[in-house]
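Me: I'm new to reading protein structures and would like a close look at one part. Could you walk me through a set of neighbouring strands and the turns between them?

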Amino acid sequence: MQKLKGKNTKSGKEEPVFLVKPVARKAGLDYLHISLMVLVVILVGVALALSFSKPGTIVKGCEYGSVNGTCITPQHNSTQALSAAMSILAAYKYSNTSLSLLPYYVMVNQSKASYVPSTGSWLVTAPYVDPFAHNATYNLSLVLYDSNLSLKQAFLSTMPPNTTTNDSVSAYGAIAISGKEACATKAPIPVYLVTDPYAPGAMQAIQKAINVSSHYAGDVNMSYYMIFTDYAVSHYHAYGQNNTQALGYYLYCSSKQSGFQAYIANLTKIYDGEPISAPVLQNVALGSGLNVTELTDCVNSSTSALDGQLALAQLYGVATDTPAFVVNCKYQALPQTVGSAISYALSKV
């Protein structure tokens, strides 16, 4: 393209003249037309690309994913699955193995439930503390059918529970006993230690109860329930029923007095797991500063009281699982976890 000078016949002034030359060997086309043709080709390409690139169906807000544009909707939600898993775990307390301790050491607040669409099931993972492994924390997994939230598989190197229960693990160290309601609306809440005096760890559990009562002074009202199970029955043949049960009566009645802690401290010095005669038990009470007259009157009239304690222990399902604590008429705990259970119960009052 060249700029030429020309003359204006009217004004006599020179004006610029533009000439467009064809592009050499390009079929006589000039640069302007070639540019327009390239632009047209580009626009056609863009139009074709838009016509073939149709967006697929996008489903948003599907909590459990989607299939073919439809949200996956399980029959139950994660809260229900987690609750069902805790009920299954609570049933382990009836196992005749060390697994009976498992539900007391589950960390409920750190447990999670996830839906697995490919199998139509729920995977619940729950960390727990192993008291036999220096309190190390491990994980266990339960797979539940979504249809009825029953147990499909337990990923634990053990057998599943051999029974079912409506109880449920409520918090670390606490199992909610089915059908029982809290019997206090404010502190102090009642706490019962239920034990056969001849059960392994009975004296240690009593001492634990004394310590807990002191630690939670004003928040708990501790009571001591003495029952006679197979542990006591095993001594009947050698010592007789009355002589065997004397320990239970003296423990129950001495717990009513302020010198109970001293009584337990002195009693454990001579107790070797075998029955102790009533005169010796009375001498220990005298040496511990107890009111012996009051103690004797209680022992002589407490048969019906201990029968009532046995009935309550059976009601709560702990008659064969001693020593055990019942916290606020609703939660069952072990001596090792009673502090956690009490803290949880108090938080719910």
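Reply: Happy to! Strands here are DSSP runs of E with at least two residues, numbered from the N terminus. Ten bridges join β6 to β7, and these strands run antiparallel; two strands count as paired if DSSP finds at least two bridges between them. Before we go on, a word on the source: this is a predicted model, where local features need pLDDT of at least 70, side-chain atom pairs count only at pLDDT 80 or more, and totals for chains, interfaces and linings use all residues. Residues are numbered from 1 along each chain as its sequence is written, and side-chain values use heavy atoms, with hydrogens and water left out.

Now follow the chain around the turn. The hairpin of β6 and β7 has five residues between the strands, and H134 there takes a positive phi near 55 degrees. N135 lies in the loop between β6 (121–130) and β7 (136–145). Phi of N135 is also positive, near 60 degrees, in a residue other than glycine.

On to the next strand. β7 and β8 run antiparallel and are joined by four bridges, and L142 stands opposite A154 in β8. The hairpin of β7 and β8 has five residues between the strands, with L149 at a positive phi near 55 degrees. L149 sits in the loop between β7 and β8 (151–155). L149 counts as buried because its relative accessibility is 11%; buried means under 20% relative accessible area, exposed over 50%, and partly exposed in between (1.4 Å probe, protein chains only).
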